[in-house]
Amino acid sequence: MLAPWDAPAPEAGPASRPNAAGLCRAELGSLLTDLGEPGWRGKQVFSGLLRQRWTRWEQFTHLSKALRTRLEAEVDLAWPSIVQSQPSADGSTKHVFELLDGRQIEGVHMPYEDRVTLCLSSQVGCAMGCTFCATGQMGIIRNLTAAEIVGQVVAMLNHQGHAEGRPINLVFMGMGEPLHNFDNLMAAFETLTDPEGLAIPPRRITVSTSGLVSGIDRLGACTRRPRLALSLNGTTDAHRSAIMPVNRVWNLEALAAALGRFPLQSGERITLEYVLLKGVTDGLEDGRRLVAFARRFPAKVNLIPFNPHEGSGFEPPEEARISALCRLLSEADIPVSVRRSRGQDVAGACGQLVRQPRRGS
Ligand code: SAH
Ligand code: SF4
């Protein structure tokens, strides 16, 4: 039987007018050629969009007045619109974006002293069906386009007033399974790392997967690629399969093998995310098995206390248990951090603000 993630996720419907926002340099080149302009104008428009982050054609003063008027008349410049922003006491802001077809996704802006980290969505909903995850309960609605992925970054930076030169980290830990939307993800990666635009270094971009081994192998074969994080969340096949259906297809052994053959650069580690569900994944035995798993390749562990949401049936772990597991890992020399869910007071992890129809409804 085919699993829901074996079928490609639906793509966005065709737009009625061309939209320049989020296109890559080559696409802008052809858009401009179609308007009878030389292709290199695409580069000028690209840097206006991604480096200056201009939002209106009249700001493109390095183009002729005639061309600006033409663009105004024929080409949209519409970034995903932020329809809800919830600042949290910890300084982070959770945003709900509305896409052109009315679908909603979430992203989080997290400022730190030395950088800003943006948490991005890759799909509307998700096909993977993890039982503890609000997005998983929606089912898959559609892939985000590369432009919509890039658009979340630009819209959040514009909304928050980003200072030029401040390092940006991107994590694909919002809604969706990024490796189930591989082509659009990698197209967005090219645009976001393009030196003529935001020029985000690839090592500052992390893609988190639930364990789609086919996608992990594809990513490993790319010469330019983001870093990899795996949502482990279970240390025996029985436990992991109970909360992550993907484990029934690619079990822990298959995952360890895929991570073992993933070609790492020197100093690079794979992040193992581990959600702590009280009484389900937070046992000390789990901690010991987690150590054994993490020793099989260069890894670091990120413990994530469960972020409760209505009707999930799971609870967050006790503080004492979080510290005990943290100690256990660091005593085993596994680099470990605890993700204090930013934005917890504003409905927490991604997928919890947006309300979409549930699967089957
Ligand atoms: N689909 C990808 C990326 C998005 S989910 C993946 O699963 O890796 C990002 C992370 O959030 C994953 O590690 C997932 O296990 C975790 N997560 C999902 N729901 C959560 C919740 N309610 N509380 C804490 N972490 C959660
Ligand atoms: Fe999808 Fe990740 Fe949620 Fe699982 S945890 S349902 S893969 S978004």
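Which helix supplies the largest share of the lining of the second largest pocket? The tour returns to this point after the overall fold and the two ligands.

This is a predicted model, in which local features need pLDDT of at least 70, side-chain atom pairs count only at pLDDT 80 or more, and totals for chains, interfaces and linings use all residues. Residues are numbered from 1 along each chain as its sequence is written, chains are lettered from A and ligands numbered from 1 in the order in which they are written, and side-chain values use heavy atoms, with hydrogens and water left out.

**Whole protein.** Display the cartoon first: the protein has ten helices and twelve strands (DSSP runs numbered from the N terminus, helices being H or I of at least four residues and strands E of at least two). The radius of gyration, taken over C-alpha atoms, is 21 Å, close to the 21 Å given for 361 residues by the globule rule, so the protein is as compact as a globular protein of that length. That rule is 2.2 Å times the number of residues to the power 0.38. The C-alpha trace spans about 70 × 45 × 45 Å along its principal axes.

**Ligand 1.** Next, select ligand 1 and the 21 residues around it, of which G176, S208, S231, N233 and N307 come nearest (a heavy atom within 4 Å counts as near). For polar contacts (pairs of N or O atoms within 3.5 Å; within protein, one must be able to donate a hydrogen and the other to accept it, and residues adjacent in sequence count only if both atoms are side-chain atoms), inspect S231, where a side-chain N or O atom is 2.5 Å from an oxygen atom of the ligand. A backbone N or O atom of G176 lies 2.9 Å from a nitrogen atom of ligand 1, and a backbone N or O atom of N307 likewise lies 2.9 Å from a nitrogen atom of ligand 1.

**Ligand 2.** Now select ligand 2, which is surrounded by C126, M128, G129, C130, C133, G136, G176 and S210.

**Second largest pocket.** Finally, select A15, N19, L100, T145 and E148, which lie nearest the centre of this pocket among its 29 lining residues. Helices α4 (146–160) and α5 (182–193) each supply at least two lining residues; α4 gives the largest share, three residues.

Methods. 1 Å grid on protein atoms, 1.4 Å probe; cavity = no way out; pocket = protein on both sides within 12 Å on 5 of 7 lines; lining within 4 Å.
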